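Here are a few notes to read alongside the structure. Have it open, and take the points in order.

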Amino acid sequence: MNRWLFIYLLCAALPQAVFGNIDLRPLTFPVGTAVGAALLAVLFVLEREQGNSRWMRAFRSPRMACRLLTLLTVGCLIGGCLPAGKSVSTSWPFVALLFALLAHLYLLLLHRLFRFAWKRDLTFLFVHGGLWLALLSGTLGAADTQELHILAPLATPTRMAADAYGRMTPLPHELELQDFAVETHPADGSPVQYSASLLLDKEPVTLRVNHPYSLGWDKDLYLMSFGRQGETADTTYCVLQLVCQPWKYPLLAGLLLLLAGMVGLLARLK
C-alpha cells in the first residue's frame, strides 16, 4: 500500500508541475456536486463488490488513516511557511490526499453501515460521519464560497463589488455609507471598535468589526476597513466584504456530529 500511495502522489505531482494549483471556478455548483456524487456512487459499488478484498481492507485500515493524516499535516505545515499568495490547499497533491482521506472515511462508514449494530457502532458513526461530513462540506464549499469586496463611499450609493480575481460584479443590493464611528478607550484614547452606519436598499443597517450582518441563510456582510483623505479628515469610504457560504450549515452539522460522538466516546470510557 505504501508503494501505491507513492504512485498516487506522484501522479498528482505531475499536473501540479505542468499546470500549477487547481482552478476551483469550473467546480462550482452544480458541477462540483455532481462530480462528488458520481465519485461517491463509484465508491459505494466498490465497497459492495470488493469490500472484503485485501486491497480494500488495507485502504480502510487505521494504518492508512495515520499515513493520510500525517501527510496532510505536513502539507498544512508547509503551507504555513509559504509566502503570501502561495497556497497549498489548492495544490494537486494536497487535494489528492484530501480526496483519499474522504474516500477512506466513506468506505469505512459504508463497511460499518452494512453490518450496523446500534450499541457497537453508533458512537463510531457519529465521530467518523461527522468528520467526513465536515471535510466534504469544506471541500465542496471551497469552490462555492465567494468573497466580494465592496468599496462604499460616503453618501454615494453603490451596487458593484470586486471578486478575488479583481473582476467587477453587480450586487443584488444597493449600499450607501451614511456615517462611520470610532470608539476609543477612555484611558489612552486607543481605538477599541469601529462601526459603520449604512443604507441597505434604503433600510438603515449598522456594521461593526466581527459583528456581520446576515443577508440570508448563506450570505454575511462584514466591515473590513475604512479610508480617509488625510490624518484629520473624516472617513470618506469603508471597505465591506460579502461572504457567500452555501455549505456552512452542512459543515456545522458535521462538527456537531463529531462533538456528539466525542462526548459519547468519553462517556463509554468512564
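1. Arginine 167 and aspartate 163 form a salt bridge, and their closest N and O atoms are 2.9 Å apart. Keep in mind that this is a predicted model. Arginine 167 has 44% relative accessibility, so it counts as partly exposed. Aspartate 163, on the other hand, is buried, with a relative accessible area of 13%.

2. Another of them joins arginine 112 to aspartate 121, with 2.7 Å between the closest N and O atoms. Have a look at how the two partners sit. Arginine 112 is partly exposed at a relative accessible area of 26%, while aspartate 121 is at 0% and therefore counts as buried.

3. Now try glutamate 47 and arginine 60, whose side chains meet in a salt bridge at 3.1 Å, N to O. This pair links distant parts of the chain: glutamate 47 belongs to helix α2 (residues 31-50), arginine 60 lies in the loop between α3 and α4, and the two are 13 residues apart. Are these residues buried or exposed? Both glutamate 47 and arginine 60 are buried.

4. Which residues of α4 are buried? They are Met64, Ala65, Leu68, Leu72 and Gly75. These residues cover an arc of only 100° around the axis, which means they sit on the same side of α4. What do they pack against? The buried residues of α4 pack against α1 (2-19), α3 (54-59) and α5 (92-113).

5. Last, a surface feature. Trp217, Tyr249, Leu252, Leu256, Leu259 and Val263 make a nonpolar surface patch of about 640 Å². One of its members, tyrosine 249, is found in helix α7 (residues 248-269). Tyrosine 249 counts as partly exposed because its relative accessibility is 45%.

Key:
Residues are numbered from 1 along each chain as its sequence is written. This is a predicted model: local features need pLDDT of at least 70, side-chain atom pairs count only at pLDDT 80 or more; totals for chains, interfaces and linings use all residues. Side-chain values use heavy atoms; hydrogens and water are left out. Buried means under 20% relative accessible area, exposed over 50%, partly exposed in between (1.4 Å probe, protein chains only). Helices (H or I, at least four residues) and strands (E, at least two) are DSSP runs, numbered from the N terminus. The arc is that of the directions from the helix axis to the C-beta atoms. Contact means heavy atoms within 4.5 Å. Patches are made of residues with over 30% relative accessible area and no salt bridge: like charges are joined within 9 Å, nonpolar side chains (Val, Leu, Ile, Met, Phe, Trp, Tyr) within 5 Å. Accessible areas come from the Shrake-Rupley method with a 1.4 Å probe; for residues, only the protein chains shown count as cover. A salt bridge is a side-chain nitrogen of Lys or Arg within 4 Å of a carboxyl oxygen of Asp or Glu.
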